[in-house]
Amino acid sequence: REVDYFDRLRLLAVDHPATESVYSNEIYSPTPVSPALYFVRDKRFPVSAVNDRGEDILPLIRYADGRYPTHFRRNRILGLAETHSLTLDLGRFPQSSQVALWLRGWVFWTDSNASRALETNPRLKMMDPYLQVRNKTGQWVTVIPDIGLPSGTNRTMRVSLTGKFLTSDHHVRLVTNLCVYWDQIFFTTDEAPATPSFSLPLVSANLHYRGFSEATSNPQHLRPDYFDYVRLMSQVPWNPARGPYTRYGPVRDLLARADDQLVAMSPGDEITVKFTARELPSLRPGWRRDFFLYIDGYAKDGEPNTAFATSVEPLPFRGMANYPPRPVDFSPIGTAYSRYLREYQTRPALKLIPPLAPASE
């Protein structure tokens, strides 16, 4: 039920020795960090991992295998749970090490309706994951008040632990009351920043209607939804928000640069993009090449308590402080932007589901 706004698409290639892995820091945080890539040479795993019931959950977080610690009791408000924790023992390493914790997982999100409900109940609040370590007396001390969340389904995020330990005790505790499910947790002491080797030219992009992929949902929401791209739903699940959306057809010019000239997609739409790899050199012996799709854009859901949930407009832009934009924000202006609105933002929203009541005469 989202309106998705795409400003720029890039395909980045990173060449590196096959003995290394490359990770992007795919983190959702109230204090956003710049996107970054890292070379990881040696994954180190906790010596032990237990939940707040003292149960061993190390087998669940050692491998990225779709098995998650699910011991906590969930609240009737979707996405909220009892306060729960994971305690990890990272073992021995020099205090001077550059340590980073890597967490792969997903979040069963609350929505704007749940947020509104929490606003009216002072006894309940969303507690973003925070990280604690032990001090000299063995007490837990919060050293990172908010570590962030995975930015999508089974995404990997990075948390720097350099300088965070108060003693040689390398136990860490993660605490939250959100429905966060960790698939794999490891740490590094020898990572290095990675720079993309090449940016592949965008050759073409086409916006068109496709339909809705069939979804498989776990009834208990203990696993993320899975969408089967090959199989389409026979019936449309909902109507889109009011337009105007971007007209169907070529949209490469809108996606080549981050310039506030957006592709506004309706539910059921698809963008097919093509990049060229003709100018990429051959790989060196013993090396491999990884690709990362880099996307600039926005998304707005259709929940009743979301600002302007029933319409595509107002369009977001880079100069806004928050959404919806304020009159004092630096909104895009000029001949080029006016031409974009006139030529591209012309498609009305179609009512894909007929109304139950007959049309009045």
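Which residue in strand 12 is the bridge partner of His-84? In this predicted model, where local features need pLDDT of at least 70 and side-chain atom pairs count only at pLDDT 80 or more, totals for chains, interfaces and linings use all residues. Residues are numbered from 1 along each chain as its sequence is written, and side-chain values use heavy atoms, with hydrogens and water left out.

The partner of His-84 turns out to be Thr-176. Strands here are DSSP runs of E with at least two residues, helices are runs of H or I with at least four, and both are numbered from the N terminus. Two strands are said to pair if DSSP finds at least two bridges between them.

Strand 6 itself covers residues 80-89, and eight of its ten residues are buried. Buried stands for under 20% relative accessible area, exposed for over 50%, and partly exposed for anything in between, using a 1.4 Å probe and protein chains only. Strand 6 also pairs with strand 5 (residues 48-51), again running antiparallel, through four bridges. Within this pairing, Ala-49 sits opposite Leu-88 of strand 6.

Strand 4 (residues 37-40) is another covered stretch, with both of its faces shielded. Leu-37 and Phe-39 are buried on one side, and so are Tyr-38 and Val-40 on the other. Strand 4 has an antiparallel link to strand 2 (residues 21-24), made by four bridges, and there Ser-21 faces Val-40. Three bridges tie strand 4 to strand 14 (residues 192-194), also antiparallel. In that case Phe-39 is opposite Ala-192.

A cis peptide bond links Gly-243 to Pro-244, with omega at about 10°, and Pro-244 falls in the loop between strand 18 (226-232) and strand 19 (249-250). Another cis bond runs from Tyr-323 to Pro-324, this one with omega near 0°. Pro-324 is part of the loop between strand 22 (287-300) and helix 4 (335-343).

That loop between strand 22 and helix 4 also contains Phe-308, which has a positive phi of about 50° despite not being a glycine. Phe-308 counts as partly exposed because its relative accessibility is 42%. Asp-260, not a glycine either, has a positive phi of about 75°. Asp-260 lies in the loop between helix 3 (252-255) and strand 20 (263-265). With a relative accessible area of 11%, Asp-260 is buried.
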